[in-house]
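Biologist: I am new to this structure and would like to learn how to read the contact between its chains. Could you take me through it step by step?

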Amino acid sequence: MISIKNLHANIEGKEILKGINLEVKSGEVHAIMGPNGSGKSTLASVLAGRDGYEITEGSVVFEDKNLLDLEAEERAREGIFLAFQYPVEIPGVSTTNFLKTAMNQIRQYRGEKSLDAVAFLKLMKAKMKLVEIDQALLSRSLNEGFSGGEKKRNEIFQMAMLEPKLAILDETDSGLDIDALRIVAHGVNSLKSKDNASILITHYQRLLDYIVPDFVHVLFDGKIVKTGDKSLAMELEKKGYDWIKAEHGSLETI
Amino acid sequence: MSTDDQVLEEFTSKEYEHGWSVDFEADEAPMGLNEDIVKFISHKKNEPEWLLAWRLKSFRYWAQLEEPKWGNVHYPKIDYQALKYYSAPKKGGKVKSLDELDPEMIKTFERLGISLNEQKRLSGIAVDAVIDSVSVATTFKETLGKLGIIFCSFSEAVLEHPELIKKYLGSVVPAADNYYAALNSAVFSDGSFCYIPRGVRCPMELSTYFRINAANTGQFERTLIVAEDDSYVSYLEGCTAPMRDENQLHAAVVEIYAAKNAEVKYSTVQNWYPGNKEGVGGIYNFVTKRGICAGDHAKISWTQVETGSAVTWKYPSCILKGDYSIGEFYSVAVTNNYQQADTGTKMIHLGKHTKSRIVSKGISAGKSQNSYRGHVNISKRATHSRNFSQCDSLLMGNQCGAHTFPYIDVENSSSQIEHEATTSKIGEDQIFYCKQRGLDEESSVALIVNGFAKEVMNNLPMEFAVEAQKLLALTLEGSVG
Ligand SMILES: Nc1ncnc2c1ncn2[C@@H]1O[C@H](COP(=O)(O)OP(=O)(O)O)[C@@H](O)[C@H]1O
Ligand SMILES: [Mg+2]
C-alpha cells in the first residue's frame, strides 16, 4: 500500500528524518514508537503533505502513485487520513458541515456523485454509534472547547466517515482515560479490513493491548532503528527508551 | 448544510463576476454639478416645486461643505465636476407592466441572477430593479397593494404619495447631516420607497437591486422605509457594477422609520466593483444609512455583508427614541487587494430600557485596510439601557490592516455596556487540517471565513445567505499561499 524508501526531510534547514524505510501492506497495522522529538509527528506530517518540509532524499509510493508529487488535499482524496496529535479548532464550522464539505470534495475527485442529505445522515448515525459520539458534539464548532478526549474521539469519527485506505494516528491515545481509549480502539478495530492499513504512532504500549499490531517499529533520531512484533512494545514499556538511546545515541555524537 | 456545499461548488470563476456592461441608449445629464443640473434632474422626474426647493437648498449647503477627512481611508480627491449626475436607459422607466420592459433590461437582470418575471421567481421576494439613475421595474406591486403596502420606485412615490414623502423625506437623515447626505439630497435620482401600514406583516421579502451601468456616472439613490405601528418588513438590498478603470461614486441615503412595535430588518449584500488587483478602479461607496425607532418597542436590525467597493465609508445607525426599542447591527466586511473599508455603526440611546447589539466581523487580506468604527451613546434620559458590542478581526497574510475605533459615551449610571474584541489570523494549521480532509485551499479558506462570519450570516434571509457566502469566498480567492 505504501512504500517509504530512504526518506530524508528537513525543517528550517534542520534534518529531522534521516532515512526512513517502511513498507506497509493492505490489511496490516504498524505501530511506530519512540521518544519525544524523535520525528514521529514529522513523519506523519510529511506523509500527509504539510507545507514547510523539504524532502532532500528518498521516495514514497502510495498505491502506484508518487505521493510526494501530490498536494495535501489530493493525498487525502487518494485515501490518506491523519488523526492529528493536536486537532485544530475551526470556530463557527460544525463537524457535520466540515465533513459534508470534505466528503463531497473527495467524492467529486473520485468521480462519484455527492451524497444527499438523507444518505449522509444515515452514514453519520452509523458511525456515531461506532465511536459513541454525541450528535450535540458534532453540531458544535469543530474542536472548539472540546475536551482532549472529545477531540480524539472526533478524529476517529472523521476517520470512520471518510473510510481511508491508510490511516495514520498520531498519538491518538495520549490523554485518553481508559474508557475513551477502549472506544477509540474499538473504532479503529471495527474499521480494519483487508483493504486498508493503519500506522499507529504511540508513546505507550497500552494502546497496543487493544489494537494488536502486526509490526512495531522504534523511531529514534529520525530513523527506524528497530522493528519487531508486539513483544518489542512490551520490552519498551518495561525498559524505557534508554537502552535504545545507548545503542544508537553514539551515532549522533560523532 | 447542503447550501454550504452548493456554495463551495459554485465559485469557480476568479474574477469579479458582474464586471460586464450593456450598451443601453441613455438619456444623460451633461457632465458637472451646478444648480442647473439639480433642476434638470428634478425636471426629468416631473417633481413638485417643494422637492426642487429642497434639492436646491441641499445643493447650496453641500457646496459650502468640505469632504470629511476623519475616515481611515485614503483616495485621490474626487472631482465632482467630472461626473455625470443623471443617466437613464432610454427605454427604461415608467412601464405599466413588465411586458413593456425592454427585453435587454430583463436580460441584464437575469444575468445578475435577478428575475423580474413574477411567475419565474421561486421565492416570495418582490424586487425593485434600479439601473443607474432610474428604477426600471418593481415586481409584485399588486399583491402587496392588496395589503395596503406601498412598494415602488422613489420617483413614483414622489408623484403618487407626495404626502408621505413630504412627511418622511429627510426626517431621519437630514439633508445637512453630512457631506454625502447633502450631495445625495441635491441630486438623488431614484431608489425605493416602502410603506407598511399599521398592523401589517409584509408577507414577502422586499428587495432593491442596484446596478451601475453607465460610465462616469455617480449613483445617488435614496431609499425610504416607513413601518407603521405593529408592522413588520424584511428588506434586502443588492448591488453590482461593471469593471471600469476609473473610480465611480456611489453616495446613497437610506432612511428607516419604525413606529410603535414595528420591526424592520434591513439586509445588504454590497458587491460593487472593488477595483482590480493593483487597486485601479472600483466604486467609492459613501453611504449614509440610519433608522429611527420612533415608537416604544420598535426594532431595527441592520445586517450587512460588505465585499465590494474600492473604498467604503458607511455606518448604518439606529436612533433608539422609543422606550424599550432595540437596535441591532450585524456586519461582515471583507477587504482584499487594495480595498479600504471604514464601516461600523452608531447606536444612539434616547429612550429608557433601550437595547443595542453590535456584532462586527472584519476580514482583511492582501494589502487592504479594514476599520471598524462604532459609536454607542447612552443619553442621560436613557436609563436602564444596554449595549453589547463584539468586534472580531480576521487577518490573512501580514500586509493588511485591521483597526477598531469604538467610541462609548454613557451618561447615566443604570445602563450597562459590554465590549469584546478579538483579532486572529487564519492559521496555516487550520488550512492544513482542512486540506488533510480533502478540501482544496480555496474551499478551506471559504469554510474558515464563513465560520468566522457565521453569527452575522445567520441573520440574513436564506436566499441572500447563499449569495453572501459565495461572495466572501470569491473576494478572498487567491489571497493565501
Ligand atoms: N516547525 C518546526 N521547526 C523546527 N523544528 C521542528 C519543527 N517541528 C518539529 N521540529 C523538531 O523536529 C523534531 C521532531 O519533532 P516531532 O516530529 O514532533 O517529534 P515526535 O512527534 O516524535 O515527538 C524535534 O526536535 C522538534 O523540535
Ligand atoms: Mg509527536
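Modeller: Please keep in mind that this is a predicted model. Across the interface of chain B and chain A, 13 residue pairs are found in polar contact, both residues being at pLDDT 80 or more. On the side of chain B that touches chain A, the elements giving two or more residues are α1 (2–10), α9 (428–436) and α10 (441–452) of chain B, and the largest share, eight residues, comes from α9(B).

Biologist: How many nonpolar, polar and charged residues does the side of chain B that touches chain A have?

Modeller: By class, that side has nine nonpolar, six polar and ten charged residues.

Biologist: What area do chain B and chain A bury between them?

Modeller: The size of an interface is often given as the accessible area lost when the parts come together. Here chain B and chain A bury about 2600 Å², with 59% of it on carbon and sulfur atoms, and the contact takes 25 residues from chain B and 39 residues from chain A.

Biologist: How many salt bridges are found across the interface of chain B and chain A?

Modeller: Side chains of opposite charge can pair when their charged atoms come close. The rule finds two salt bridges across this interface, including the one between A:Arg50 and B:Glu428, whose closest N and O atoms are 3.4 Å apart.

Biologist: Which parts of chain A does the pair of A:Lys230 and A:Asp209 tie together?

Modeller: These two residues form a salt bridge, with the closest N and O atoms 3.8 Å apart. Because A:Lys230 lies in helix α9 and A:Asp209 in helix α8 of chain A, the pair ties together parts that are 21 residues apart in sequence.

Key: Residues numbered from 1 in each chain as written. Chains lettered and ligands numbered in written order. Predicted model: local features only at pLDDT ≥ 70, side-chain atom pairs only at ≥ 80, totals over all residues. Heavy atoms only, no water. Contact = heavy atoms within 4.5 Å. Buried area = accessible area lost by both parts, 1.4 Å probe. Salt bridge = Lys/Arg side-chain N within 4 Å of Asp/Glu carboxyl O. Polar contact = N/O pair within 3.5 Å; in protein donor to acceptor, adjacent residues only side chain to side chain. Helix = DSSP H or I, 4+ residues; strand = E, 2+ residues; numbered from the N terminus. Nonpolar A, V, L, I, M, F, W, Y, C, P; charged D, E, K, R; others polar.
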